[in-house]
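I opened this notebook to keep track of what I looked up in one structure.

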Amino acid sequence: MDNIMAEYEVIAGPQRRQRSLSRPSPVGCAACSNRRPGWFCSLGSAVLADLELVTSTISLPAEATLFTQGEDARCLYLICSGYLKLTAGRAQDRQMIVRVAGPGSMLGLYAALSHGVYEVSAESLTPAQLRPIERERFLTFLRNHKEAQMRAVQCICQEYRFALQDACRISLAETVAGRLGRLLLELAHQIGEHVNGGFRFPLLLTHEEMASMACTTRETVTRTLGQFRKDGTISIEDSVITLHQPDRLQNLI
C-alpha cells in the first residue's frame with residue numbers, strides 16, 4: 001500500500017473530459033458531506049472513528065488505473081470524492097463498463113472477503129480521494145464491529161443489484177431508447193442527486209462508452225440523447241445532465 005500512496009500522493013496528469021458537480025474533498029469521515037445512507041461510510045461515529053484509524057488517504061489523478069482485473073485483492077478502497085469506472089475484460093480485448101462508482105462506494109469488497117482477485121478493473125474518471133484499507137486490517141475491523149459486518153453485507157447485496165440491473169438493461173429493454181433510458185436512470189440512482197422531482201449527475205461517460213453499455217453505436221446514442229433533449233426529458237449543460245422526467249424514461253423500458 002505504501003507504493004500506491006507514493007504513486008498517487010499528488011493529483012496530476014491530463015484530463016480529457018470536462019468535469020462538473022465536483023464536491024470538496026472531505027477532511028475527515030465524520031465531517032464528510034459526501035456520506036450517503038446505505039453506503040459503507042455511513043457508520044456510527046464510534047465505528048467510523050475506528051475505521052479512520054486503519055485507513056490512510058490517497059489522491060488519484062484523472063484517468064489513472066487503481067487496480068486491474070485478476071490482481072490479488074490486497075486492499076479495499078473507500079471512495080471519499082471523485083468517480084471511477086469499473087470495467088470487465090482484458091485491455092487488449094473487448095471490455096465492458098460495469099458501472100460508475102462515486103463517493104461512499106467500497107471497491108474490492110467481495111474480492112477481499114473471499115481472499116480472491118479483483119473481478120474488475122478500476123480507473124478514475126475524475127481526480128479522486130480514496131481511503132485504502134489493507135485486507136487483513138479490514139477483516140480485523142469487521143470482527144470487532146457488528147455494525148460494520150452488517151454494512152458489508154448490505155454493500156455486497158447492492159453490488160448484486162447493480163449486476164442484475166446491468167443484465168436487465170442488456171436483455172430486457174427491446175429498444176435503444178429503452179436501454180439508454182435505463183442506463184441514465186441507473187446512473188442517476190448511483191451517482192446523482194435529487195433536484196426538482198428529477199435527478200442531476202455529471203456526464204462522465206463518453207457517447208462511445210454509453211453506447212457500449214447500451215449495446216448500440218455512438219451515433220445512435222448521440223441521436224437518441226438529442227431526441228430526449230428535444231422532448232424535454234433531459235437537459236445537458238456544462239457536462240451535467242438533468243433528468244427532468246424520469247418517469248418518461250422508465251416508461252421506455
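**Entry 1: ground rules**

I am working with a predicted model, in which local features need pLDDT of at least 70, side-chain atom pairs count only at pLDDT 80 or more, and totals for chains, interfaces and linings use all residues. Residues are numbered from 1 along each chain as its sequence is written, and side-chain values use heavy atoms, with hydrogens and water left out.

**Entry 2: the chain**

I counted nine helices and twelve strands in the chain. Helices (H or I, at least four residues) and strands (E, at least two) are DSSP runs, numbered from the N terminus. Of the 253 residues, 51% count as buried. Buried means under 20% relative accessible area, exposed over 50%, and partly exposed in between, with a 1.4 Å probe and protein chains only. I also looked at contacts (heavy atoms within 4.5 Å). Among those between residues at least 6 apart in sequence, 72% join residues at least 24 apart.

**Entry 3: helix α4**

Which residues of α4 are buried? I found R135, F138, L139, F141 and L142 buried in this helix, which spans residues 135-144. Seen down the axis of α4, they fall within an arc of 160°, so they line one face of the helix. The arc is taken from the directions from the helix axis to the C-beta atoms. I noted the general rule too: an α-helix has 3.6 residues a turn, so residues three or four places apart point the same way. R143 and N144 are exposed on the other side of α4. The buried residues of α4 pack against several elements, including α2 (45-53), β3 (75-81) and α5 (146-171).

**Entry 4: helix α2**

I traced an open sheet of four strands in the order β1-β8-β3-β6, with antiparallel pairing. Its edge strands are β1 (58-60) and β6, each pairing on one side only. Strands pair if DSSP finds at least two bridges between them. Two bridges join β3 to β6, and L78 stands opposite M106 in β6.

**Entry 5: the largest pocket**

I read off a volume of about 380 Å³ for the largest pocket. Its lining has 20 residues, of which L86, Y110, E119, V120 and E159 lie nearest its centre. Which element supplies the largest share of the lining? It is α5, with six residues. I sorted the lining residues of this pocket into 15 nonpolar, one polar and four charged.

**Entry 6: the loop between β11 and β12**

D238 lies in the loop between β11 (234-237) and β12 (240-243). Phi of D238 is near 55°, a positive value in a residue other than glycine. D238 is exposed, with a relative accessible area of 53%. S239 is found in the loop between β11 and β12 and has a positive phi of about 65°, although it is not a glycine.

Conventions:
1 Å grid on protein atoms, 1.4 Å probe; cavity = no way out; pocket = protein on both sides within 12 Å on 5 of 7 lines; lining within 4 Å. Points joined across faces, edges and corners; volume = space filled by probe spheres on them. Nonpolar A, V, L, I, M, F, W, Y, C, P; charged D, E, K, R; others polar.
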